[in-house]
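Visitor: Please show me the model. I would like to ask how its parts pack.

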Amino acid sequence: MSIERQQIGQRMSRIVKHNGTLYLCGQVCKDATQDITEQTRTMLEKVDELLLEAGSSREHILSATIYLKTMADFAAMNAVWDAWVPEGHAPARACVEAAMARPELLVEISVIAAER
């Protein structure tokens, strides 16, 4: 029962592997000055990068929790999400409205995936 941590910081590890399951820390956009569409797009790019580094892919996502600053952005976020998720590989998902760490952030995601 080994636990492997990657990109370890004082507060969190960006990737944790345990028994073939990957846990990614929360991911936000690359540029918080952008709108919900662009914030969602670049947030998901970062998820792709971490999954690749960890030996997985979006086809192997088991669960995703999405945090929105306001549910008014739900449809716009879903438009990007729906185009990103491979057909037939939709993970279990929750989406909630939440206070964000910085006021300019509109969306954050937490992902659990299986290794390839």
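Visitor: Which hand does the crossing of α1 and α2 have?
Guide: Local features of this predicted model need pLDDT of at least 70, side-chain atom pairs count only at pLDDT 80 or more, and totals for chains, interfaces and linings use all residues. Residues are numbered from 1 along each chain as its sequence is written, and side-chain values use heavy atoms, without hydrogens and water. A crossing is left-handed if the near helix is turned anticlockwise from the far one by less than a right angle, and right-handed if clockwise. For α1 and α2 the crossing is right-handed.

Visitor: At what angle do the axes of α1 and α2 cross?
Guide: Axes are lines fitted to C-alpha atoms, for helices over the stretch in contact, and angles run from 0 to 180 degrees between N-to-C directions. Helices (H or I, at least four residues) and strands (E, at least two) are DSSP runs, numbered from the N terminus. The axes of α1 and α2 (residues 74–84) come within 8 Å, and they cross at roughly 35°.

Visitor: Which residues of α2 meet α1?
Guide: Contact means heavy atoms within 4.5 Å. The α1 side includes Ile-36, Leu-44 and Val-47. From α2 come Ala-76, Met-77, Val-80, Trp-81 and Trp-84.

Visitor: In what order do the strands of the open sheet lie?
Guide: Strands pair if DSSP finds at least two bridges between them. Six strands form the sheet, with mixed pairing. Their order is β1-β2-β3-β6-β4-β5.

Visitor: Why is one side of β1 and of β5 left without a neighbour in the sheet?
Guide: β1 (3–8) and β5 (92–97) stand at the edges.
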